[in-house]
Each structure stands twice: as structure tokens, then as C-alpha cells.
Amino acid sequence: MEKAVNILGIETSCDETAAAVVRNGTEVLANVVSSQIELHQKYGGVVPEIASRAHIEKIYPIVDQAIKQSGLNNADIDAVAIANQPGLTVALVVGITAAKTLALVWEKPLIAINHIHAHLQSAMMETTDLQLPAVALVVSGGHTSLYECENVIEPKLLGATIDDAAGEAFDKVATILNLPYPGGPSIEKAAKDGNPAAIDFPRTMLGHDSLDFSFSGIKTAVLYHCCGQDMKGRNRVDKMTQKEIADIAASFQAAVIDVLVKKTEMAADRFGAKTILLGGGVGANTLLRQELEKMTKQSGRKMLIAPKKYCTDNAVMVASLGFHKYKAGLFADMTLEAKATIDN
Ligand code: KG4
Ligand code: ZN
């Protein structure tokens, strides 16, 4: 029998300090996530300096907790995988510095992980049976991307947002509606009592064959709907009934999901995809999961969805992708740097 491979994953790209130990890519031995939501809530978004300081405070206790939870010793760890891009540079460097230090002290290899590719990997946590070709939709707070996947290590970017990410639009619309940060779960909750057909918000397709996304138009449409184009109705939201807020939330959510599902179907048709994958924070949205699953079923494809607990940022996905890079012998060295933007 082949020797088990235990990867320590570390994630500090935004507002979660996370560490996990995963065996052979799918067996989760430890999963620790420390969320900073409370620290950022009053600002309505992530404040990089605050995020960085919180990561510095938490990173070693969180890694320590993950190792303890795994029941392993440091010596049992085969490699340290770290998300080094994309994200907030001041947040990424904290995790990178910790990962480098541990790799040096433990004399283990270091593996660089693309955070967005890791979100994609989280859709494969519960299966190793990936029928190719596959198309993946990764929807997070900072990215909205479609990939063609011939393998899990090097997905090929097909299209991405040209302005706001889907999660960013949820967050900004929640701010307009005076709903708490993070906006995605708040909008989803408010939308439950709303009518998705109440307001016909724009579905921006960017031309009939484009696989790129744009969500800044719908955000502005919600703003104008609530406050008027001249912003004279700025205080109107304060006086809205719960039903009015629910209708706006439901109509906004339906419009965003419509675009996400249509574009994913277009990509799947174009590349003859047998499998569709979904990952990223917005992937936790129940309606998106249902609508994507419906489309996938109707077109006779297979759907792989990240479990809800691995949709938002975590280190399990980092360690899991780290396993595949370990097997492929793709290691980083001590010159590894943080990258705010993504290579592909
Ligand atoms: O993947 P993630 O945790 O972090 C990034 O890599 O950006 O995604 C966070 C984003 C936030 O914008 C949040 O509002 C959104 O995911 N989100 C949701 C839901 N849960 C989180 N959006 C819609 N519905 C949800 N249930
Ligand atoms: Zn993320």
C-alpha cells in the first residue's frame, strides 16, 4: 500500500485565518477557521490593515490547533501548502511567512496554491471520479470565473468578471439595503420572503457569446431603484417595509443567479462538458446550487458541488489541492511571494 500523504494547508488571503490537515487529498483530519467577520462588520467590508493584524495574532495558534486536532505530530506532515495568490497582499504575507518558517523548521517542502483554483478543488472533496471535459464556476467575494478543467492543477480560464465579482455585488447590495456584512448570507435570508419577479433587474450578458461577467450594472440598478438616479431618495431604504426589502433582495439574487447559470451552460455547451463544478463563497447560496443542479440535470451532465462548509474560505481546499501538486512534484521555494492578482 502506498504511504499516506498528509498536507498542512494554510489560508490567510482575506478575512479568515485557517489551517487544515488533509490526508491523500480528501480525508480531512483537521479543519480550523477563525473568522474576522465581527472585526470588519462595522465597516461593511474587509479593512486590509485590520485583517493583517488579526492574521498575525491568530496564525500560529490556529496552525497549532489544526495539528492537535489531526492527532498527528509535526513529523507526520509531508508538506506545507500555502495560498499565495490572489488576495490582500498584507494578509497573504502573514500566511506565507508562517508557511515558510514551518517548512524550514520541519524540513518539509513548501507548495504554492492559487486560492481560486483551491475553491475549484473544494468541489472535488467528495469524489475522485471527475469525468472530463469539465467546466467549473468559481464564485467568490473577489472573483467570478469560468474554467475548463483537464486536470485539477491547471484549470484554463475561459471567462471572468470585468468589474465586480458576484460576491462583491451581494456585499454592496446588502450595504444599500442596510443588511449586515457579509452580504451574501444576508441577502439570501432576506430574499426568502420576497418575490423574485417583483423587479426586473438587468441581466448583463456582454454579447451573446461572451463568457465574461459584469455585475456593476445590477448593483447600480439596485442603488437607483432604492435611492433614485439623483440619490435624492437616499433615506428611502430606512422607511421601506420588510416586504419591499425582501422583494429587492429576491429580484437581485434571481438576476445574478440567472446570469451565472446561463453563462455556465454556455461554457458547458461550447466545450462539451460532461461535468460541471461549483465552488467559492457564493456557491453556498441555496438557490444557485438548485438552479445549477437543475440545468445540469436537464442537460444530462454530472454536477460536483463543494459542500457548503467548504464554499467560503478555508484551508481544507488549500491542503487538498496541495496533495495533487505534491504528487506532481510541484514545489515552491523560499522566494515565494504574495500576489494580489491572479496568474490565470
Ligand atoms: O470565497 P469567499 O469566502 O472569499 C473570497 O475568496 O472572496 O467568498 C466570500 C463571498 C462574500 O462576498 C459573501 O457575501 C459571499 O461569498 N457569500 C454568499 C453566500 N455566502 C457567502 N453569497 C451568496 N449567498 C450566500 N449564501
Ligand atoms: Zn475565497
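This is a predicted model: local features need pLDDT of at least 70, side-chain atom pairs count only at pLDDT 80 or more; totals for chains, interfaces and linings use all residues.
Visitor: Which residues lie nearest the centre of the second largest pocket?
Guide: Gln85, Ala112, Asn114, Lys325 and Asp343, out of 18 lining residues. A pocket here is an open set of points on a 1 Å grid over the protein atoms alone, where a 1.4 Å probe fits, with protein on both sides within 12 Å along at least five of seven lines; lining residues have an atom within 4 Å of a point.
Visitor: Which elements give two or more residues to that lining?
Guide: Strands S4 (79-85) and S5 (110-114), plus helix H11 (316-327). S5 has the largest share, 3 residues. Helices (H or I, at least four residues) and strands (E, at least two) are DSSP runs.
Visitor: Why does the second largest pocket lie between the domains?
Guide: Because domain 1 (6-120 + 311-327) and domain 2 (130-306) both give residues to its lining. The bounds come from an automatic or database domain assignment.
Visitor: Now the largest pocket. How much space lies in it?
Guide: About 1000 Å³, counted as the space filled by probe spheres set on the points, which are joined across faces, edges and corners. Of its 37 lining residues, Cys14, Gly141, Gly142, Asp171 and Tyr181 are closest to the centre.
Visitor: Which helix gives the most to that lining?
Guide: H5, with 6 residues. H4 (115-121) and H6 (183-191) each supply at least two.

How values were computed. Residues are numbered from 1 along each chain as its sequence is written. Chains are lettered from A and ligands numbered from 1 in the order in which they are written. Side-chain values use heavy atoms; hydrogens and water are left out.
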